[in-house]
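Work through the exercises below with the model open beside you. Try each task before reading its solution.

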Amino acid sequence: MSIIKPAVALFILTAMVLVYMYGRRLYFLFSHDVEPQSVSTPELLSERLPASVNNSSNNLKNLFELPVIFYALCAYLFITHHVDAVYVYAAWAFVCLRTLHSLVHCTTNIVKVRFSLYMLSALVLLFMVMRFGVDIL
């Protein structure tokens, strides 16, 4: 079983959110004739963009928080040959939950749903990390 496939899937999700974010931002900036210098810092850009456009940027930031631990854990498990079915299923659960979180965050942004998905994914990752900790002791 490969732990690399879920890690690659999460990387693809991150790339898709990046493309989506820039598409939304550029469309808004060009369609509203926003002078580039007026949004020269992240704070100024955030002030100018409506929440519906900014959500994908916030989601992209989320994809560089918990997933960094996930990537490191997957790499370590792969390199040390500690991968088993439990890790792979947990990894896919994490990726699926993060994908759903991104879909909600970038579209409807229903906070209770988004938060629930985030927490569930965090718990799956916590399980993986704690299991790893027990395995190496």
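**Exercise 1. Where does D33 lie?**

Solution. This is a predicted model, where local features need pLDDT of at least 70, side-chain atom pairs count only at pLDDT 80 or more, and totals for chains, interfaces and linings use all residues. Residues are numbered from 1 along each chain as its sequence is written, and side-chain values use heavy atoms, with hydrogens and water left out.

Step 1. D33 sits in the loop between α1 (4-31) and α2 (42-48). Helices here are DSSP runs of H or I with at least four residues, strands are runs of E with at least two, and numbering starts at the N terminus.
Step 2. Read the backbone: the phi of D33 is near 45 degrees, a positive value in a residue other than glycine.
Step 3. Check the cover. D33 has a relative accessible area of 69%, so D33 is exposed. The cut-offs are under 20% for buried, over 50% for exposed, and partly exposed in between (1.4 Å probe, protein chains only).

**Exercise 2. Is N109 buried or exposed?**

Solution. 
Step 1. Locate N109: the loop between α5 and α6 (111-136).
Step 2. N109 also has a positive phi, near 55 degrees, and is not glycine.
Step 3. Its relative accessible area is 19%, so N109 is buried.

**Exercise 3. How many helices and strands does the protein have?**

Solution. 
Step 1. Count the elements: six helices and zero strands.
Step 2. Write the order along the sequence: α-α-α-α-α-α.
Step 3. Box the C-alpha atoms along the principal axes: roughly 55 × 30 × 20 Å.
Step 4. Take the burial total: 38% of the 137 residues count as buried.
Step 5. Take the contacts, meaning heavy atoms within 4.5 Å. Among those between residues at least 6 apart in sequence, 79% join residues at least 24 apart.

**Exercise 4. What should the 28 residues of α1 span at 1.5 Å a residue?**

Solution. 
Step 1. Use the rule: the expected span is 1.5 Å times one less than the number of residues.
Step 2. For α1 this gives 40 Å, and the end C-alpha atoms are 40 Å apart, so the two agree.
Step 3. Repeat for α5 (residues 85-106). Its 22 residues should span 32 Å, and the end C-alpha atoms are 31 Å apart, which agrees.

**Exercise 5. Which residues of α1 are buried, and what covers them?**

Solution. 
Step 1. List the buried residues of α1: P6, A7, L10, L13, T14, V17, M21, R25, F28 and L29.
Step 2. Recall the geometry. An α-helix has 3.6 residues a turn, so residues three or four places apart point the same way.
Step 3. Find the cover, which includes α2, α3, α4 and α5.
Step 4. Zoom in on T14, which is buried at 8% relative accessibility. Leaving aside neighbours within four places in sequence, T14 is in contact with L60, L63, F64 and Y71.
Step 5. Now α3, whose buried residues include V53, S57 and L60. The buried residues of α3 pack against α1, α2, α4 and α5.

**Exercise 6. Which residues form the nonpolar patch on the surface?**

Solution. 
Step 1. Patch residues have over 30% relative accessible area and no salt bridge; like charges are joined within 9 Å, nonpolar side chains (Val, Leu, Ile, Met, Phe, Trp, Tyr) within 5 Å.
Step 2. The members are I4, V8, F11, I12, M16, F78 and I79, with about 700 Å² of accessible area together (Shrake-Rupley, 1.4 Å probe; for residues, only the protein chains shown count as cover).
Step 3. Assign them to helices. α1 and α4 (66-80) each supply at least two, and α1 gives the most, with five.
Step 4. Inspect two members. I4 is partly exposed at 30%, whereas I79 is exposed at 62%.

**Exercise 7. Which side chains meet in a salt bridge?**

Solution. 
Step 1. Apply the cut-off: a side-chain nitrogen of Lys or Arg within 4 Å of a carboxyl oxygen of Asp or Glu.
Step 2. A search of the whole structure finds one. The pair is R131 and D84, at 2.5 Å, N to O.
Step 3. R131 is in helix α6 and D84 in the loop between α4 and α5, so the pair ties together parts 47 residues apart in sequence.
Step 4. D84 is partly exposed, at 27% relative accessible area.
Step 5. At the start of α5, a side-chain oxygen of D84 also reaches to within 3.2 Å of the backbone nitrogen of V86.

Key:
Polar contact = N/O pair within 3.5 Å; in protein donor to acceptor, adjacent residues only side chain to side chain.
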